[in-house]
Amino acid sequence: MSRIDRLEWSQKVASLNECIRGFQANPSKEQLDRAISELRAYADAAKGGEMEIPSRFVAN
């Protein structure tokens, strides 16, 4: 995994965590929908091969 790929992945995970924290701090329908949307986008990118995930973060 290149440094750029690792940086992009790290930024995506940080964005996901921020959405989840936002929902935890303010559990509204809007925050929940935003967090779910971010999680789905992450999962779709991982499944489609658009995003490389470090092997130590992948469950076998």
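**Helices, salt bridges and a nonpolar core**

Me: What is the relative accessible area of glutamate 18?
Reply: Glutamate 18 has a relative accessible area of 46% and therefore counts as partly exposed. Buried means under 20% relative accessible area, exposed means over 50%, and partly exposed lies in between, with a 1.4 Å probe and protein chains only.

Me: What kind of model is this, and how are its residues numbered?
Reply: This is a predicted model, in which local features need pLDDT of at least 70 and side-chain atom pairs count only at pLDDT 80 or more, while totals for chains, interfaces and linings use all residues. Residues are numbered from 1 along each chain as its sequence is written, and side-chain values use heavy atoms, with hydrogens and water left out.

Me: Back to glutamate 18. Which residue does its side chain meet in a salt bridge?
Reply: Its partner is arginine 21, at 3.6 Å from N to O. A salt bridge here is a side-chain nitrogen of Lys or Arg within 4 Å of a carboxyl oxygen of Asp or Glu. Arginine 21 has 48% relative accessibility, so it is partly exposed.

Me: How many salt bridges does the rule give?
Reply: The count comes to three. One of them joins lysine 12 to glutamate 38, with the closest N and O atoms 3.1 Å apart. Because lysine 12 lies in helix H1 and glutamate 38 in helix H2, this pair ties together parts that are 26 residues apart in sequence. Lysine 12 is partly exposed, at 22% relative accessibility.

Me: And what about lysine 29, which residue does its side chain meet?
Reply: Lysine 29 meets aspartate 33 in a salt bridge, at 3.1 Å from N to O. Both lie in helix H2, four residues apart, about one turn of the helix. Lysine 29 counts as exposed at 60% relative accessibility, whereas aspartate 33 is partly exposed at 36%.

Me: Why can such side chains pair at all?
Reply: Side chains of opposite charge can pair when their charged atoms come close.

Me: New topic: how many helices and strands are there?
Reply: The chain has two helices and zero strands. Helices (H or I, at least four residues) and strands (E, at least two) are DSSP runs, numbered from the N terminus.

Me: What share of the chain is buried, and what does the C-alpha trace span?
Reply: Of the 60 residues, 13% are buried. The C-alpha trace spans about 35 × 20 × 20 Å along its principal axes.

Me: Which residues make up the largest nonpolar core?
Reply: That core has five residues: Trp9, Leu16, Tyr42, Ala45 and Met51. Helix H1 (3-25) and helix H2 (29-47) are the elements that give two or more residues to this core. A nonpolar core is a set of buried Ala, Val, Leu, Ile, Met, Phe, Trp, Tyr and Cys residues joined through side-chain atoms within 4.5 Å.

Me: What does tryptophan 9 touch, leaving out residues up to four places away in sequence?
Reply: Tryptophan 9 touches Met1, Tyr42, Met51, Glu52, Ile53, Pro54 and Phe57. Contact means heavy atoms within 4.5 Å.

Me: Last one: where does serine 37 lie?
Reply: Serine 37 lies in helix H2. With a relative accessible area of 46%, serine 37 is partly exposed. Its C-alpha atom is separated by 25 Å from that of arginine 56, 19 residues apart along the chain.
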